[in-house]
Amino acid sequence: MYQQFQKIYTYNGSGGAYNYPADWFPINVAGYDTIAITVEAPTGWIGTISFWGGANNDESSPALWSLNDAEDASLVSQIETVSGSTPSAFTRNYRGSVAGLAEFGFYFANPTTYVSVVGTAIKVSVGIYASAK
């Protein structure tokens with residue numbers, strides 16, 4: 001079973017430092033075991049994109065998921081955030097396991113300060129896959 005979707009995020013910062021809930025994209029991944037994510041930004045962004053996984057609603061469970069840079073064959077380094085830069089174009093692929101999670105999400109904000117990302121047309125493409133039939 002395979003599911004694929006895209007989210008496009010734009011925020012110019014005029015509403016203040018926080019753009020919640022428009023910067024939060026949770027995904028129901030129950031029953032899936034693998035995730036692939038591509039982040040594309042033609043003009044980059046200012047701020048940090050965070051990834052989050054939880055076994056229950058509103059519960060962060062980083063020990064249960066691992067997201068890696070798809071260009072890193074070692075699969076050792078876990079990616080939890082991606083910092084942007086402008087005006088550089090950015091494209092990067094990530095992959096990982098979400099087996100056992102109820103929810104996984106990406107958050108266009110710093111996970112500590114909650115300050116939202118400022119940028120134009122930042123596209124996140126997500127594919128989730130279940131190997132069981």
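Guide: One term before we start: a strand here is a DSSP run of E with at least two residues, and strands are numbered from the N terminus. Keep in mind that this is a predicted model.

The spot to look at is P111, which sits in the loop between β9 (103-107) and β10 (118-129). Setting aside its neighbours within four places in sequence, P111 has contacts with T48, S50 and T81. There's also E80, 31 residues away along the chain, whose C-alpha atom is 9.3 Å from that of P111.

Now to the strands. β5 covers residues 48-54 and pairs with β9 in the antiparallel sense, over five bridges. On this pairing, G54 stands opposite E103 of β9. Both strands belong to an open sheet of four, ordered β2-β9-β5-β7, with antiparallel pairing. At the edges you'll find β2 (24-28) and β7 (81-83), each pairing on one side only. On average, neighbouring strands in this sheet are turned by 10 degrees against each other, ignoring direction.

Stepping back to the whole chain, you get ten strands and zero helices. Of its 133 residues, 38% count as buried. Take the contacts between residues at least 6 apart in sequence: 80% of them join residues at least 24 apart. The chain exposes about 7,000 Å², and carbon and sulfur atoms supply 53% of that.

Definitions and conventions:
Residues are numbered from 1 along each chain as its sequence is written. This is a predicted model: local features need pLDDT of at least 70, side-chain atom pairs count only at pLDDT 80 or more; totals for chains, interfaces and linings use all residues. Side-chain values use heavy atoms; hydrogens and water are left out. Contact means heavy atoms within 4.5 Å. Two strands pair if DSSP finds at least two bridges between them. Axes are lines fitted to C-alpha atoms, for helices over the stretch in contact, and angles run from 0 to 180 degrees between N-to-C directions. Buried means under 20% relative accessible area, exposed over 50%, partly exposed in between (1.4 Å probe, protein chains only). Accessible areas come from the Shrake-Rupley method with a 1.4 Å probe; for residues, only the protein chains shown count as cover.
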